[in-house]
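Biologist: Could you walk me through the strands and helices of this model? I would like to learn how to read each feature as we go.

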Amino acid sequence: MKAIKDSVHDYITLDPVATDLLDTRTVQRLRHIKQLSTVRLVYPSASHTRFEHSLGVYHLADRALEYLGVDGDRARHLRAAALLHDVGHGPYGHQTEEVIRRRTGVDHDELGDLLGDTDAGEVLRDHGLSIDRVAAIVRGEGELGQLVSGELDVDRMDYLVRDAHHTGVPYGTIDHERLVRELTYRDGALVLAEGNVQTAESLLLARALMDATVYRHHVSRVAGAMLERASERLLESDAGIDVHRFRRMADHDLLVALREDVPELGERIEYRDLYKRAIWADLSATPADVVELDHADERAAEREIADLADVDDREVIVDVPGRPTFTEAGSRVVVDGVPQRLEDASELVPGLRASQRAGWRMGVYAPAEHTDAVAAAAEDVLGVRAGPIRD
């Protein structure tokens with residue numbers, strides 16, 4: 001058994017399948033995709049990668065299997081899925097996920113076709129593992145799938161504590177060892193055992209705090225929106241890069257391509273010369289129809305705002321996030337012998353839901369010299385009430 005030193009979990013011991021998977025190009029590529037993409041423009045030490053995160057997810061999955069009493073062939077498939085769960089990500093991870101989905105209809109956790117044509121797929125076959133079973137687990141299907149992709153999954157447990165560790169913020173600190181020890185199955189559903197309402201609440205609270213202070217920081221939001229627009233322009237250009245090649249890029253590959261073919265945004269992203277917020281509005285100041293804008297509507301609004309402000313339409317970005325969701329509130333914990341949804345068992349959930357709604361913001365971004373004109377135009381076009389913006 002091979003052991004690897006990890007900054008979060010100390011030593012991680014790999015089984016033979018994981019040892020061979022680790023040396024594939026499919027998995028090694030994750031060394032070159034940063035876990036927090038544009039968040040590192042806010043927190044300089046957040047330079048950790050999806051490679052080390054994948055090792056952490058593998059480790060927590062292995063620990064959970066031990067406590068759940070799952071072994072043999074089922075455990076081997078689960079451990080492989082845990083290690084491979086992020087190989088479908090494109091460059092900059094979630095920041096380019098929508099760009100890829102709009103062109104392929106494929107999410108990053110749909111690995112069946114991808115694994116079938118890679119060296120990782122060959123390793124799975126050599127060890128007698130089913131690619132289809134591994135892919136199904138990554139998608140969250142079945143009892144074991146809940147452990148990799150569900151409300152109480154080890155993916156979430158690792159990234160919260162790892163992201164907190166590397167950003168230096170204390171908010172993602174959770175007792176992940178207790179969480180994996182207390183997992184159990186009831187009627188095919190993954191739940192936390194009796195006496196763990198507070199354990200579940202800690203996961204919920206950590207996610208809410210990390211979301212507010214790290215994942216949705218306005219600088220990362222601006223940079224991420226710029227990266228998405230730049231990626232779209234790259235794929236629409238004559239650079240000869242199709243979406244399938246784009247999906248297999250690493251972070252540095254994309255940055256080089258953007259600098260060469262979309263320099264108006266690529267160079268700004270590389271040197272953190274970012275657009276500024278012209279509009280930064282909460283839910284109460286944003287008309288309902290604006291909250292529901294889809295991708296095409298956002299692009300149309302950008303052109304209309306740019307025309308009214310008399311600026312190049314490539315210098316206006318409308319960024320409307322989805323409505324706040326709190327999937328972790330659906331996690332289940334046993335109370336008085338009966339599995340309950342956490343939102344029914346905890347008095348914290350309503351307050352955290354309200355906090356998420358209060359923290360929602362839609363943004364309109366532009367170069368600093370155009371923010372006043374763009375703000376005025378955006379108010380007319382979108383009907384948004386723009387308030388003061390504090391940098």
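Predicted model: local features only at pLDDT ≥ 70, side-chain atom pairs only at ≥ 80, totals over all residues.

Biologist: In which sense do strand 1 and strand 2 pair?

Modeller: In general, strands of a sheet pair through backbone hydrogen bonds, either parallel or antiparallel. Strands here are DSSP runs (E, at least two residues), as are helices (H or I, at least four), numbered from the N terminus. Two strands pair if DSSP finds at least two bridges between them. Strand 1 (residues 2-6) and strand 2 (residues 10-14) are antiparallel, with 5 bridges. They form a hairpin with 3 residues between them, and D6 has D10 as its bridge partner.

Biologist: What is the strand order in the open sheet of 4 strands?

Modeller: The order is 3-4-7-8, and the pairing is mixed. Strand 3 (183-186) and strand 8 (338-341) are the edges, each pairing on one side only. Neighbouring strands are turned by 50° against each other on average, direction ignored. Inside this sheet, strand 4 (residues 189-192) and strand 7 (residues 332-335) run parallel over 2 bridges, with V191 opposite R332.

Biologist: And which order does the open sheet of 3 strands have?

Modeller: That one reads 5-9-6, with antiparallel pairing. Its edge strands are strand 5 (276-281) and strand 6 (317-319), and the twist averages 15° from one strand to the next. Strand 5 meets strand 9 (residues 362-366) over 5 bridges, where R277 is partnered by Y365.

Biologist: Which strands does helix 13 touch?

Modeller: Contact means heavy atoms within 4.5 Å. Angles run from 0 to 180 degrees between N-to-C directions, using axes fitted to C-alpha atoms, for helices over the stretch in contact. Helix 13 (residues 218-236) packs on the sheet, touching strand 5, strand 6 and strand 9, at about 120° to strand 6. Helix 21 (residues 371-382) also packs there, touching strand 5 and strand 9, at about 30° to strand 5.

Biologist: At what angle do the axes of helix 5 and helix 13 cross?

Modeller: Roughly 40°, and the axes of helix 5 (residues 97-104) and helix 13 come within 9 Å. Residues in this contact include R102 and R103 of helix 5 and E228 and E232 of helix 13.

Definitions and conventions: Residues numbered from 1 in each chain as written. Heavy atoms only, no water.
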